[in-house]
Amino acid sequence: MSRDRMTPEDWIAAAFRRLGQGGIAAVRAEAIARDLGVSKGSFYWHFKDLPDLKARMLAHWLDQATARIVALAEAGGSDPALRLTRLMELATGDLAEPYGGLSTEAAIRDWARTDLEAAQAQAQADRARAAYLEGLLAGMGLEAARAGQAARLILMAYTGAVHQGIRDRAQLAGDLAVLTAALLSPSGR
């Protein structure tokens, strides 16, 4: 692909694939250029430097892996149960494949352990995800405290699964559905 047709999003997606494969140390302009089949010089056509790319990666992740998924779930109708089902499908679906799949989520969290900007982005995503889940669960009849607890448990299960390297999206979706059903049951078990 020529520099004229290469977009910042192409670079960002390739950077996420590198992140998912080798962590933040693998996100280097030369390596990404090689992956894309373009010169390193074309990197500077779109980004000031590597910190600029990393900052734009985090902004893109917040937009695509949180805001976009919430918007798509919301488009599923007004019923909170249907929106929750849609949310689970989206979170475990193939939307992340161009960015390296589920391993990218774990890699971002690893990156956040050593980088303040990544940690802030992760915390922002976690807060937004928890708040959305909590609202859906409350809309399904759970009292506020229990909805908050259930939202945290669902998020912990999801992040734990991606950290364990679970790549079977259908299994992950099924496991999250079982957990969610248990949390929504009257006994909470």
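**Entry 1: Met-88**

Buried stands for under 20% relative accessible area, exposed for over 50%, and partly exposed for the range in between (1.4 Å probe, protein chains only). I was working on a predicted model, in which local features need pLDDT of at least 70 and side-chain atom pairs count only at pLDDT 80 or more, while totals for chains, interfaces and linings use all residues. Residues are numbered from 1 along each chain as its sequence is written, and side-chain values use heavy atoms, with hydrogens and water left out.

I placed Met-88 in helix 5, residues 80–92. Helices (H or I, at least four residues) and strands (E, at least two) are DSSP runs, numbered from the N terminus. I then listed what Met-88 touches, setting aside residues up to four places away in sequence: Ile-154, Leu-176 and Thr-180. Contact means heavy atoms within 4.5 Å. I also noted Ala-177, which is 89 residues from Met-88 in sequence but 7.7 Å from Met-88 in space, C-alpha to C-alpha.

**Entry 2: helix 5**

I checked the length of helix 5. Its 13 residues should span 18 Å at 1.5 Å a residue, and the end C-alpha atoms are 18 Å apart, so the two values agree. The expected span is 1.5 Å times one less than the number of residues.

Which residues of helix 5 are buried? I recorded Pro-80, Arg-83, Leu-84, Leu-87, Met-88, Leu-90 and Thr-92. Their cover includes helix 4 (50–74), helix 7, helix 8 (144–163) and helix 9 (169–184).

At the N-terminal end of helix 5 I found a cap: a side-chain oxygen of Asp-79 lies 3.2 Å from the backbone nitrogen of Ala-81.

**Entry 3: helix 5 against helix 7**

Two packed helices are described by the angle between their axes and the distance between the axes. For helix 5 and helix 7, I read that the axes come within 8 Å and cross at roughly 145°. Axes are lines fitted to C-alpha atoms, for helices over the stretch in contact, and angles run from 0 to 180 degrees between N-to-C directions. I noted the crossing of helix 5 and helix 7 as left-handed. A crossing is left-handed if the near helix is turned anticlockwise from the far one by less than a right angle, and right-handed if clockwise.

On the helix 5 side, I listed Pro-80, Arg-83, Leu-84 and Leu-87 as making the contact; on the helix 7 side, Tyr-132, Leu-133, Leu-136, Leu-137 and Gly-139. By class, this contact of helix 5 with helix 7 has 7 nonpolar, 1 polar and 1 charged residues. Ala, Val, Leu, Ile, Met, Phe, Trp, Tyr, Cys and Pro count as nonpolar, Asp, Glu, Lys and Arg as charged, and the others, Gly among them, as polar.

I repeated the length check on helix 7. Its 24 residues should span 34 Å at 1.5 Å a residue, and the end C-alpha atoms are 34 Å apart, which agrees. At the start of helix 7, a side-chain oxygen of Asp-115 reaches to within 3.0 Å of the backbone nitrogen of Glu-117. Just after helix 7, I found Gly-141 with a positive phi of about 110°.

Among the buried residues of helix 7 I noted Ala-118, Gln-122, Arg-129 and Tyr-132. What covers the buried residues of this helix includes helix 4, helix 5, helix 6, helix 8 and helix 9.

Is Arg-129 buried or exposed? I found Arg-129 buried, with a relative accessible area of 12%. Its side chain makes a polar contact with the side chain of Thr-66 at 3.1 Å. A polar contact is a pair of N or O atoms within 3.5 Å; within protein, one must be able to donate a hydrogen and the other to accept it, and residues adjacent in sequence count only if both atoms are side-chain atoms. Beyond four places in sequence, I saw that Arg-129 touches Trp-61, Ala-65, Thr-66, Glu-105, Arg-109 and Leu-155.

I found Trp-111 in helix 6, buried at a relative accessible area of 4%. Among the residues that Trp-111 touches are Leu-19, Ile-24, Met-57 and Ala-118.

I placed Thr-114 in the loop between helix 6 (103–112) and helix 7. Thr-114 is exposed, with a relative accessible area of 67%.
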